[in-house]
Amino acid sequence: MPEKTRRNPKQARSQATVDAILEATFHILETEGHAKLTTNRISERAGVSIGTLYQYFSDREAILAAMGEREAEAIRQEITRIMIEQPEGGARPVIQALMNGLQGSVETRIVLGDALIRARGEQVISDHHNAFLESVKEREELSFSFGREAAFVLTHTVVCLLRAAAAEPELALEAGPLEDELVLLIESYLAALTVRAQKQVAN
């Protein structure tokens, strides 16, 4: 391993501590719920002192935001992988990546997503917006530029509908049919954009 990329023992221990804190937080959210999540409970579960926890995170909100950021980055990396490996796969693989996300409960996803938005604001949705656009721009049939408004509708529709579905569990929406409807929605909109662009060229 090159010297500049090798971690020293102190760095390795620090990363291990952060990982333990995040894993403990995830476990508590999944097994006990958000109401039971305190920094004291997290430090106990992680096996670190409360003082050590505060060396890395200022409060519970900062821990949740860090978890949300890690999850958002994982989703962006997955979308990038899809772009490389499935360039002609249509909207479904990207929608699946956005839907599946964290391997945890819907409640946990809501908590982490909300914490990240509180910490970073609309930049979170903008990042997903840009990643989604990158995933479709190389499709041959989309040989035109999206206007800002069309791009906004295209990307925010998916993200906002998924957040709404997660926030309304009483609707008992099933993942498979919801995925199909989102794919239909986005593919239909892309097809309509293509037809409109072709008409504009013809005129």
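Predicted model: local features only at pLDDT ≥ 70, side-chain atom pairs only at ≥ 80, totals over all residues.
Residues are numbered from 1 along each chain as its sequence is written, and side-chain values use heavy atoms, with hydrogens and water left out.

## Overall fold

Let us start with the whole chain. Its secondary structure comes to nine helices and zero strands, where helices (H or I, at least four residues) and strands (E, at least two) are DSSP runs numbered from the N terminus. The pattern along the sequence reads α-α-α-α-α-α-α-α-α. Of the 203 residues in the protein chain, 35% are buried; here buried means under 20% relative accessible area, exposed means over 50%, and partly exposed lies in between (1.4 Å probe, protein chains only). The accessible surface is about 12,100 Å², and carbon and sulfur atoms account for 53% of that surface. Those areas come from the Shrake-Rupley method with a 1.4 Å probe, and for residues only the protein chains shown count as cover.

Taking contacts between residues at least 6 apart in sequence, 66% join residues at least 24 apart.

In soluble globular proteins, nonpolar side chains tend to be buried together. A nonpolar core is, by definition, a set of buried Ala, Val, Leu, Ile, Met, Phe, Trp, Tyr and Cys residues joined through side-chain atoms within 4.5 Å. The largest such core has 18 residues, and the members that touch the most others are Ile21, Ile42, Ile63 and Leu64. Helix H1 (9-31), helix H2 (39-46), helix H4 (60-85) and helix H6 (106-120) each give two or more residues to this core. H1 supplies the largest share, with six residues.

Beyond its neighbours within four places in sequence, Ile21 is in contact with Ile42, Ala46, Val48, Leu53, Phe57 and Ile63. A second, separate core holds 16 residues, among them Val94, Val158, Leu162 and Leu190.

## A closer look at H2

Which residues of H2 are buried? They are Thr39, Ile42, Ser43 and Ala46. An α-helix has 3.6 residues a turn, so residues three or four places apart point the same way. The face of H2 turned away from the buried side carries the exposed residues Asn40 and Glu44.

Arg41 also lies in H2 and is partly exposed, at 24% relative accessible area. The C-alpha atoms of Arg41 and Thr25 are separated by 8.6 Å, with the two residues 16 apart along the chain.

Just after H2, Gly47 takes a positive phi of about 75°. Most residues other than glycine have a negative phi. Ala172 has a positive phi of about 55° although it is not a glycine. Ala172 is found in the loop between helix H8 (148-167) and helix H9 (175-202), and is exposed, with a relative accessible area of 58%.

## Salt bridges

Side chains of opposite charge can pair when their charged atoms come close. The structure holds six salt bridges, each a side-chain nitrogen of Lys or Arg within 4 Å of a carboxyl oxygen of Asp or Glu. The table gives some of them.

| Pair | N to O distance |
|---|---|
| Arg70 and Asp19 | 3.0 Å |
| Arg92 and Glu179 | 2.7 Å |
| Arg92 and Asp180 | 3.0 Å |

Salt bridges that share partners also join Glu32, Arg41 and Glu44 into one network.

Arg70 forms its salt bridge with Asp19. Arg70 lies in helix H4 and Asp19 in helix H1, so the pair ties together parts that are 51 residues apart in sequence. Arg70 is partly exposed at 43% relative accessible area, and Asp19 is partly exposed at 23%.

Arg92 meets Glu179 in a salt bridge. Arg92 lies in helix H5 (residues 92-100) and Glu179 in helix H9, so this pair ties together parts 87 residues apart in sequence. Arg92 is partly exposed at 30% relative accessibility, whereas Glu179 is buried at 15%. Arg92 also meets Asp180 in a salt bridge, and that pair links H5 with H9 across 88 residues. Asp180 counts as partly exposed, at 39% relative accessibility.

Notes:
Contact = heavy atoms within 4.5 Å.
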